[in-house]
Amino acid sequence: FRTVRRQLESLSVIYRTVHQATFKTADGTTVVAKYDMLHVTPLMGPPAFISSSKLAEKASGYVEVDKETLQHVRYPNVFSCGDCSSLPTSKTAAAITVQAPVLVHNLLCAVEGGKGKAAYDGYTSCPIVTRRGGLILAEFKYGGALAETFNFPPFFDQGKEWMPFYYMKTILFPWAYWNAMPQGRWYGTRTIFEPSFKK
């Protein structure tokens, strides 16, 4: 399947019978796009106390960090990940489980006077429910490059819906979110196995 990612646009109208959606861009122009499947999230932004601070990137208002090290580009003693960071990737629970170990490693190295070598590659995941019992597990990294965990051609195509993905979304992921993530014990595709980085 082919995905088209549209950012910083507001959905105005959906014409369901002809599979078209109308979006309004940041400059006020209108764009009409055809679709086979449409997955829309609301516009998001950082809290005012961040967007109005010196930590913020002027254009977006998010904490301005290096996209690999998660270290602030102007204040070396500041690190950020997740929903308030300027990382050019989807802000998902899957993303934060990969970002957090990178941030912790690089922060601890900075505290010890060194420079961490851990790098975030933009990994994120969007489980898209297609019907009851069906889900496509979309995984990608920076630039929209696929980063599929379960793709084993010709035996298995992760671009198609699969019932076990649905149960991962409805049973495993909520358990991990409420039980393992708050303790820092869930590492995305690595599950409970903590990644290690060179110092």
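Residues are numbered from 1 along each chain as its sequence is written, and side-chain values rest on heavy atoms, with hydrogens and water left out. As the model is predicted, local features require pLDDT of at least 70 and side-chain atom pairs count only at pLDDT 80 or more, whereas totals for chains, interfaces and linings use all residues.

The protein chain contains three helices and five strands, taken as DSSP runs numbered from the N terminus (helices, H or I, at least four residues; strands, E, at least two). From the N terminus, the order of these elements is β-β-β-α-α-β-β-α. The C-alpha trace spans about 60 × 45 × 30 Å along its principal axes. Of the 199 residues in the protein chain, 34% are buried; buried denotes under 20% relative accessible area, exposed over 50%, and partly exposed the range in between (1.4 Å probe, protein chains only).

Three salt bridges were found in a search of the whole structure, a salt bridge being a side-chain nitrogen of Lys or Arg within 4 Å of a carboxyl oxygen of Asp or Glu. In general, side chains of opposite charge can pair when their charged atoms come close. Arg 74 pairs with Glu 64, with 2.4 Å between the closest N and O atoms. Both Arg 74 and Glu 64 lie in the loop between α1 and α2 (93-111), ten residues apart. Arg 74 is partly exposed, at a relative accessible area of 41%. A salt bridge also joins Glu 161 to Arg 131, at 2.8 Å from N to O. This pair links distant parts of the chain, 30 residues apart: Glu 161 belongs to the loop between β5 (134-140) and α3 (163-180), and Arg 131 to strand β4 (residues 124-131). Glu 161 is partly exposed at 34% relative accessibility, as is Arg 131 at 45%. In the salt bridge between Glu 194 and Arg 185, the N to O distance is 3.9 Å. Here Glu 194 counts as exposed, with 52% relative accessibility, while Arg 185 is partly exposed at 48%.

A nonpolar surface patch is formed by Leu 11, Ile 14, Leu 38 and Val 40, which together have about 280 Å² of accessible area. Patches comprise residues with over 30% relative accessible area and no salt bridge, like charges being joined within 9 Å and nonpolar side chains (Val, Leu, Ile, Met, Phe, Trp, Tyr) within 5 Å; accessible areas come from the Shrake-Rupley method with a 1.4 Å probe, and for residues only the protein chains shown count as cover. Val 40 is located in the loop between β3 (30-34) and α1 (48-51). Its relative accessible area of 41% places Val 40 in the partly exposed class.

One cavity of 30 Å³ or more is present, and the largest cavity has a volume of about 40 Å³. Its lining includes Gly 82, Asp 83, Lys 91 and Gln 99. The second largest pocket holds about 350 Å³ of space. Among its 18 lining residues, Ala 100, Pro 101, Val 104, Tyr 187 and Glu 194 are the closest to its centre. Volumes denote the space filled by probe spheres set on the points, with grid points joined across faces, edges and corners.

How values were computed:
1 Å grid on protein atoms, 1.4 Å probe; cavity = no way out; pocket = protein on both sides within 12 Å on 5 of 7 lines; lining within 4 Å.
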